Amino acid sequence: VIFTQAPSSSADHPKLNAFLLPLNYPGLKLESLEASGLKGNSFGGVSFDNLFVPEKYLIGEDGQGREILGKHFTYWRIMQTAAAIGTANRALEMTSQRLLDREVYNKPLASMTHLTQPLGKWTYRLHLVMRDLERAAQLYDEGKWEEADELATAAKSEGVEFAHQAAEYALKTHGAQGYSDELDLEKRVRDLLGLTIAD
């Protein structure tokens, strides 16, 4: 999907057009980057070389590109934040079990409050973000995408950061095993870091 300035645009009222092009379209070059995480997601950009796009590839009407872009990113923020929260929640579940199972000096790690308090903090924060996210998804389904966008933007801003910090806490709580590839915690941390940067 390519966005351009719409012919009906002006300095006071900027407008965009959206075009859907085939991947092998003449003059369009895809540039892929190898990311440290988020395997399976496309990561990179595009460049243009003498690119001409006829009107038949226009999505919607002239000047509707900004609305199309906005609706897309609202949905994208909801989806990515939900994925981040799910990723972190699984890491916290693994940590909860680790705190119960692992013993030091004949006591489970769960007896050490400096390890259990962050578990409660991150679980609670992710739960609160998820409530806002569910409301955003409901509004989006009802066609109220501008209202949904306010919640989705705030939820993504906080939720992805919380998820990354929660996963990092989980990794550290597992010690050297968490930092190794024996578990998938290091992968979760890298994936979530990617969502705080690349997206």
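**Exercise 1.** In this predicted model, find the bridge partner of alanine 18 in S5, and then place the strands concerned within their sheet.

*Solution.* Begin with the pair itself: the residue of S5 that bridges to alanine 18 is isoleucine 59. Next, consider the strands, where S2, made up of residues 16–19, pairs with S5 in the antiparallel sense over two bridges. Then widen the view to the sheet, which is open, has three strands in the order S1-S2-S5 and is paired in antiparallel fashion. Finally, strand S1 (2–5) and strand S5 (58–59) are the edge strands, since each of them pairs on one side only.

**Exercise 2.** Work out which elements make up the protein chain, and how its radius of gyration stands against the globule rule.

*Solution.* First list the elements: the protein chain has five helices and seven strands, and from the N terminus these follow one another as β-β-β-β-β-α-β-β-α-α-α-α. The radius of gyration is 22 Å, whereas the globule rule gives 16 Å for 199 residues; the value is well over the rule, and the chain is therefore more spread out than a compact globule. As a further step, take the spans of the C-alpha trace along its principal axes, which are about 75 × 35 × 25 Å.

**Exercise 3.** Describe the burial, the contacts and the charges of the protein chain.

*Solution.* Taking buried to mean under 20% relative accessible area, 33% of the 199 residues qualify. Among contacts with a separation of 6 or more, 64% join residues 24 or more positions apart. The accessible surface comes to about 12500 Å², with 52% belonging to carbon and sulfur atoms. Lastly, the chain carries 21 positive and 28 negative charges, whose mean positions lie 5 Å apart.

Note on methods
Residues are numbered from 1 along each chain as its sequence is written. This is a predicted model: local features need pLDDT of at least 70, side-chain atom pairs count only at pLDDT 80 or more; totals for chains, interfaces and linings use all residues. Side-chain values use heavy atoms; hydrogens and water are left out. Helices (H or I, at least four residues) and strands (E, at least two) are DSSP runs, numbered from the N terminus. The radius of gyration is taken over C-alpha atoms; the globule rule is 2.2 Å times the number of residues to the power 0.38. Buried means under 20% relative accessible area, exposed over 50%, partly exposed in between (1.4 Å probe, protein chains only). Contact means heavy atoms within 4.5 Å. Accessible areas come from the Shrake-Rupley method with a 1.4 Å probe; for residues, only the protein chains shown count as cover. Lys and Arg count as positive and Asp and Glu as negative; His and the chain ends are not counted. The place of a charge is taken as NZ of Lys, CZ of Arg, CG of Asp or CD of Glu. Two strands pair if DSSP finds at least two bridges between them.
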